[in-house]
Amino acid sequence: MVPVCSKTESSGSKFPKASLWSSFITSGYSVFETHSESSTSEKKAVNSTNSGWAAAVKKVVSGGSMRRFQERVLGPSKTEVSSSDGDVWLLGVCHKISQHESTGDVDSNSFTAFEEDFFSKILITYRKGFTAIGDSKYTSDVNWGCMLRSSQMLVAQALVFHKLGRSWRKTVDKPLDKEYIDILQLFGDSEAFAFSIHNLLQAGKGYGLAVGSWVGPYAMCRTWEILARSQREKSDLEEHPLPMAIYVVSGDEDGERGGAPVVCIEDASRHCSEFSRGLAAWTPLLLLVPLVLGLDKINPRYVPLLQSTFKFPQSLGILGGKPGASTYIIGVQNGKAFYLDPHDVHQVVNINGDNQGANTSSYHSNMIRLMPLDSLDPSLAIGFYCRDKDDFDDFCSRASELVEESNGAPLFTVAQSRSLSTQVSSNDVSGANSGFQEDDSHGLDLVNDAGANEDDWQLL
């Protein structure tokens with residue numbers, strides 16, 4: 001399977017930036033996006049130094065007019081996408097951002113193809129006004145649910161790939177695709193919806209998930225494994241809301257850890273067989289690979305490898321973000337990460353599967369957001385969707401090639417059986433990746449500690 005490039009080769013100068021307006025508007029946003037996750041003491045400090053200006057800008061931002069003003073002046077964040085920074089890879093698809101030779105401006109056709117792809121990805125954000133979660137009084141997940149929302153986006157994207165295909169784009173035409181509406185309905189905010197935040201919290205109790213508390217990528221991946229299994233047990237195979245097996249690739253379950261996690265082909269086959277209840281040798285497969293790639297910050301040697309995973313046709317992106325704020329990363333360009341941000345707050349919207357004229361605007365971004373890849377929190381999880389055995393074999397081939405490019409410190413490796421994976425892990429312990437494993441072991445130990453389940457992902 002060959003990745004698709006949407007345009008011919010790009011040329012070499014940057015899209016001109018409106019630097020004065022850009023710095024002013026971006027700073028207005030960054031104050032409040034970071035501010036919303038800050039502690040009380042941090043809020044007081046910011047307010048004491050910027051109270052007059054910040055209060056004025058906050059009023060504009062909260063009313064929504066700041067974003068409209070930014071788009072009128074700059075367009076929808078086009079100023080951050082450069083034609084000289086190389087190809088944009090968005091979940092396995094290559095977008096070549098070219099420019100007009102005469103003017104130096106970014107070619108609108110090449111950028112439009114990228115925009116349509118980016119804005120078609122499902123965005124799931126903080127919600128307010130839903131039914132209280134369990135016995136709690138929480139009717140909103142603001143300031144604590146960003147990892148849960150990020151994970152919902154990744155799983156929703158896997159369902160889009162499975163049911164609608166990678167080339168699907170959201171249109172403004174009504175009626176909307178029935179499959180698209182059905183996918184959104186699964187993520188409604190009550191216990192009645194299969195993959196609601198309510199059901200995720202219930203499924204993840206054993207990994208420390210709790211209302212009002214933050215969670216790390218490893219615990220989040222295991223929670224999806226548990227929730228999918230419980231949904232499968234109470235439904236027919238044909239009606240299963242997640243029509244694919246889940247394989248969480250992590251350390252040796254028998255306790256022997258060392259080196260990078262190993263994708264074991266026999267384990268993947270076993271997960272598929274269990275999912276189909278023995279009726280099929282292979283099924284669609286969702287691979288989740290939680291990683292810890294450093295201590296306080298990500299080890300720079302892993303950044304090129306992370307960027308390369310977005311070239312895989314099976315790519316589902318990364319659950320991760322800057323320390324203190326989880327996001328869903330869906331694309332890269334020359335060391336920059338394009339992401340969907342769950343930190344905007346919307347009123348609860350529970351989509352009815354029979355309403356193909358529903359307003360789904362809050363499920364899609366209207367702004368392109370970027371961050372440096374090397375600024376990511378070292379605790380993250382990578383996702384992949386393999387439609388069938390041939391697709392999985394292609395994934396394994398690409399992953400093995402990536403191992404060869406890793407200079408002895410791969411993100412993860414591939415082995416046929418668990419016995420081979422143990423040998424690989426033992427070899428890696430004495431290699432360049434042993435420092436990584438110390439971090440990973442520490443993260444996994446945290447999961448088994450009562451009251452310390454954040455996988456180094458506690459948000460401050």
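Trainee: How are α5 and α6 oriented to each other, roughly parallel or roughly antiparallel?

Mentor: α5 and α6 are roughly antiparallel to each other, a label for angles over 145 degrees, with under 35 degrees counting as roughly parallel, 65 to 115 as roughly perpendicular and the rest as oblique. Before going on, note that this is a predicted model in which local features need pLDDT of at least 70 and side-chain atom pairs count only at pLDDT 80 or more, while totals for chains, interfaces and linings use all residues. Residues are numbered from 1 along each chain as its sequence is written, and side-chain values use heavy atoms, with hydrogens and water left out.

Trainee: What are the angle and the approach for α5 and α6?

Mentor: The axes cross at roughly 155° and come within 10 Å. Axes here are lines fitted to C-alpha atoms, for helices over the stretch in contact, and the angles run from 0 to 180 degrees between N-to-C directions. Helices are DSSP runs of H or I with at least four residues, strands are runs of E with at least two, and both are numbered from the N terminus.

Trainee: And the hand, left or right?

Mentor: The α5 and α6 crossing is right-handed. That term applies if the near helix is turned clockwise from the far one by less than a right angle, and left-handed applies if anticlockwise.

Trainee: Which residues meet there?

Mentor: From α5 there are A156, L159, V160, K163 and L164, and from α6 there are E179, Y180, I183 and L186. Contact means heavy atoms within 4.5 Å. By type, the contact of α5 with α6 has 7 nonpolar residues, no polar and 2 charged. Ala, Val, Leu, Ile, Met, Phe, Trp, Tyr, Cys and Pro count as nonpolar, Asp, Glu, Lys and Arg as charged, and the others, Gly among them, as polar.

Trainee: Which residues of α6 are buried?

Mentor: In α6, residues 178-186, the buried ones are Y180, I181, I183, L184 and L186. Buried means under 20% relative accessible area, exposed means over 50%, and partly exposed is in between, with a 1.4 Å probe and protein chains only. The buried residues of α6 pack against α5.

Trainee: Now α8. How do the axes of α5 and α8 cross?

Mentor: Helix α5 (residues 146-164) and helix α8 (residues 217-233) have axes that cross at roughly 50° and come within 11 Å. That angle makes α5 oblique to α8. α5 passes α8 in a right-handed crossing.

Trainee: What makes that contact?

Mentor: M147, L148, S151, Q152 and V155 of α5, with P217, M220 and W224 of α8. The residues of that contact divide into 6 nonpolar, 2 polar and no charged.

Trainee: What about R277?

Mentor: R277 also is not a glycine and has a positive phi, of about 60°. R277 lies in the loop between α9 (265-275) and β6 (285-292), and is partly exposed with a relative accessible area of 45%.

Trainee: T283 is in that loop too. Buried or exposed?

Mentor: T283 is buried, with a relative accessible area of 6%. Its C-alpha is 6.8 Å from that of A245, 38 residues apart in sequence. Leaving out residues up to four places away in sequence, T283 touches A245, C272, F275, S276, C386 and R387.

Trainee: And V289, where is that?

Mentor: V289 is in strand β6, and counts as buried at 0% relative accessibility. V289 and V248 are 41 residues apart in sequence, with 6.0 Å from C-alpha to C-alpha. Beyond four places in sequence, V289 touches V249, L380, A381, I382, F384 and F412.

Trainee: Last one, the whole chain. How many helices and strands?

Mentor: The chain has 13 helices and 13 strands. Of its 460 residues, 55% are buried.
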